[in-house]
Amino acid sequence: MTDTTPPAADAGPDVTTPVPGFRADQLEGFRIGVTSDRRSQDLIDAFERRGATVVHAPTLRIAHAQHDEPLIDDTRDIIAARPDVLLATTSYGIRRWFEVADAAGLGDELLEALAETAILVRGPKARGAIRAAGLNDVGMSDRETTASLVDKVLADYPAGLRVAVQLHGYTDERQLERLRAVHQEVHTVAPYRWTDPDATDERVRRLVEAIVSGSLDAVTFTSAPSVVALFTAAEALGQEDAVVDAFRRDVLCAAVGPVTAAPLLAQDIEPIVPERFRMGALIRLLCEHLEQHAILRAETLHGPIAIRGAIVELPGSRVRLPPNSLALLRALVRANGAVLSRSALADALPAAADHHALEVQMSRLRQTLGVPGLINTIVKRGYRLDV
């Protein structure tokens, strides 16, 4: 899966340390949200094989038209135009386009019409789909984005040509206007489109609630529109500010490429982004980051403790904590023995809480941990970890 939508953004953090090897317990305790639709099962399987708990909520879905007549009409238009240049943006879109053309009896005519066309591809997967169709490309965009693909056309080809563009689920009108301003004809074909989830699908609401409540450690994104769709859903639920705050503080965002990362960066959210804009690289980077940066550790007078997602490793035992207990323990571990006031701890809880509610939650945390004296009460001041 490639980074699929313009405009381009700055690249994210580099991967400079070795990728950890696969282990069945590599992500044990961690909770990951997956927002993609197509090929989401590949992500889910990869994380679950490593021990993670996955929440799947596609914020956008790839939808085919109920009838393929518009796609067939666009195909006939391109056959008649015999374009000088074709921009191929996605592997899935190219494959589906040729499948529909074949089923409509237009496959041979389409191949013939494109036989002398200069085909430019956005990335290696689109190149593979073009070659699988029996055609060859003449070049690839520099940054694997639609904007850079249009840059290449405008830089390398004279004005006044007939240009065809295979659209993906998100139509970037700005890039089409750049082409129309220079070239004689710009024809488009859209083999698929993105739609919002069905109104009866409660998964996005549950994802928003999990982010806000601290029930997730990371959320993955594979397209910029899926990020925007999540923020839109959160706004409709009155939770947009809470989601943004959670992403800035405790919930890690992982974006497949810099274009996908752009709407997150616009909200001052710093996602992790792999060097190669591929799903496999995204999986490896997220596993690496969680193992190296998301495990909280503390040496206490009762032995070492480590927080892996929702699981706490204690001397001789491991326990899974609910969100409120987890938020309190995280705050105490980060304080590393310093006293935290009741107000500060109440602020660390996912939902607003008064001092009485805090006392109840602290009592539950101590009972669940089962280590007497691990959390000290400091009279009239608050609580501290016994380090």
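**Group meeting: a core and a hairpin**

Okay, let's start inside: the largest nonpolar core has 27 residues, and Leu 329, Leu 345 and Leu 369 have the most contacts inside it. By nonpolar core I mean a set of buried Ala, Val, Leu, Ile, Met, Phe, Trp, Tyr and Cys residues joined through side-chain atoms within 4.5 Å. Buried is under 20% relative accessible area, exposed is over 50%, and partly exposed is in between, with a 1.4 Å probe and protein chains only.

Quick caution: this is a predicted model, where local features need pLDDT of at least 70 and side-chain atom pairs count only at pLDDT 80 or more, while totals for chains, interfaces and linings use all residues. Residues are numbered from 1 along each chain as its sequence is written, and side-chain values use heavy atoms, leaving out hydrogens and water.

So who builds this core? H13 gives the most to this core, with 7 residues. E12, E13, E14 (311-314), H15 (355-369) and E17 (382-385) are also among the elements giving two or more. Those names are DSSP runs, numbered from the N terminus: helices (H or I, at least four residues) and strands (E, at least two).

Now zoom in on Leu 329. Skipping neighbours within four places in sequence, Leu 329 is in contact (heavy atoms within 4.5 Å) with Ile 307, Val 312, Leu 321, Leu 365, Leu 369 and Leu 385.

Ile 307 also turns up in E13, where it stands opposite Leu 296. E12 and E13 (residues 303-308) pair antiparallel over 6 bridges; pairing takes at least two bridges found by DSSP. A hairpin links E12 to E13 through 2 residues.
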